[in-house]
Amino acid sequence: MASANVPESSPLHVHQPEEQILEGHAYTSLESRYLSEGRDALDGDSLWVNSVEMAYGKFFGGIWYGSSPDQDYDELQLSLGYAESIGDLEIAVGYTRFEFPFESAHDNEAGTTLTWSNLPMGCALSADAYYSFEADGYFVELALGHEFELSDSFSVVAAGFMGINQGYVSDGHDGANNVGLRLEGTVALSGNWFFFSHMTYSWAIDANPALEGDAQLINFLHGGLGLMWEF
């Protein structure tokens with residue numbers, strides 16, 4: 001089974017408002033491939049994603065649903081979490097329930113994310129770790145990124161990331177398994193609507209063809225585009 005713990009679609013990455021107000025966003029996007037733990041999880045097929053993510057003070061949650069137009073695959077994620085800021089450091093902890101209807105399978109995960117902002121040159125560094133109770137293993141992703149505000153309505157984020165598997169992909173090799181580069185652009189439309197798109201390349205590290213879990217661990221390019229509404 002594949003899970004959606006990927007930089008572009010993780011419900012854990014929700015901005016936390018400083019005031020006790022309810023805010024959030026909803027988006028829909030089409031991904032040319034499904035990047036999951038460094039793998040081309042749907043063997044080159046696309047993924048349609050719909051998500052609603054909300055935050056109230058330091059608490060946040062989300063509903064994420066992905067389905068493939070090309071094969072019988074769908075996935076539902078229900079997430080809840082709590083975030084605390086200490087200066088330029090934000091610490092978030094969360095729980096996610098996964099349902100895979102076509103596979104009649106499910107999973108439960110606990111995760112934590114550390115994000116350091118306002119680093120030299122305006123960069124931000126994050127460390128995202130999540131543990132699967134079904135696989136009895138965890139996966140860690142490290143990312144370094146920078147946002148460029150090119151105008152009042154157009155911004156670009158460039159980021160590099162690295163994934164490390166420790167039993168999360170139980171039938172794959174442990175240790176560093178991929179590095180990648182991502183470029184994402186966002187255009188503010190009228191009202192609270194935004195158009196976004198990205199291009200991402202992932203390089204496999206030490207893929208072992210003798211392991212079933214490494215069969216989808218390949219070098220590949222994929223892109224996506226979507227529409228988001230903030231409320």
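S36 counts as buried, because its relative accessibility is 0%, and buried means under 20%. This is a predicted model.

**S36**
- S36 belongs to strand β2, which spans residues 35-36.
- A polar contact of 2.5 Å links the side chain of S36 to the side chain of E37.

**N178**
- Strand β12, residues 175-188, contains N178.
- N178 counts as buried because its relative accessibility is 2%.
- The side chains of N178 and S202 form a polar contact at 3.3 Å.
- Leaving out residues up to four places away in sequence, N178 touches residues that include E37 and G38.
- Also among the residues touched by N178 are F139, F161, M162 and G163.

**E134**
- E134 sits in the loop between β9 (123-132) and β10 (137-149).
- With a relative accessible area of 55%, E134 is exposed, whereas N178 is buried at 2% relative accessibility.
- Apart from neighbours within four places in sequence, E134 is in contact with H106 and D107.
- N108 and E134 are separated by 26 residues in sequence, and their C-alpha atoms lie 6.9 Å apart in space.

Definitions and conventions
Residues are numbered from 1 along each chain as its sequence is written. This is a predicted model: local features need pLDDT of at least 70, side-chain atom pairs count only at pLDDT 80 or more; totals for chains, interfaces and linings use all residues. Side-chain values use heavy atoms; hydrogens and water are left out. Helices (H or I, at least four residues) and strands (E, at least two) are DSSP runs, numbered from the N terminus. Buried means under 20% relative accessible area, exposed over 50%, partly exposed in between (1.4 Å probe, protein chains only). A polar contact is a pair of N or O atoms within 3.5 Å; within protein, one must be able to donate a hydrogen and the other to accept it, and residues adjacent in sequence count only if both atoms are side-chain atoms. Contact means heavy atoms within 4.5 Å.
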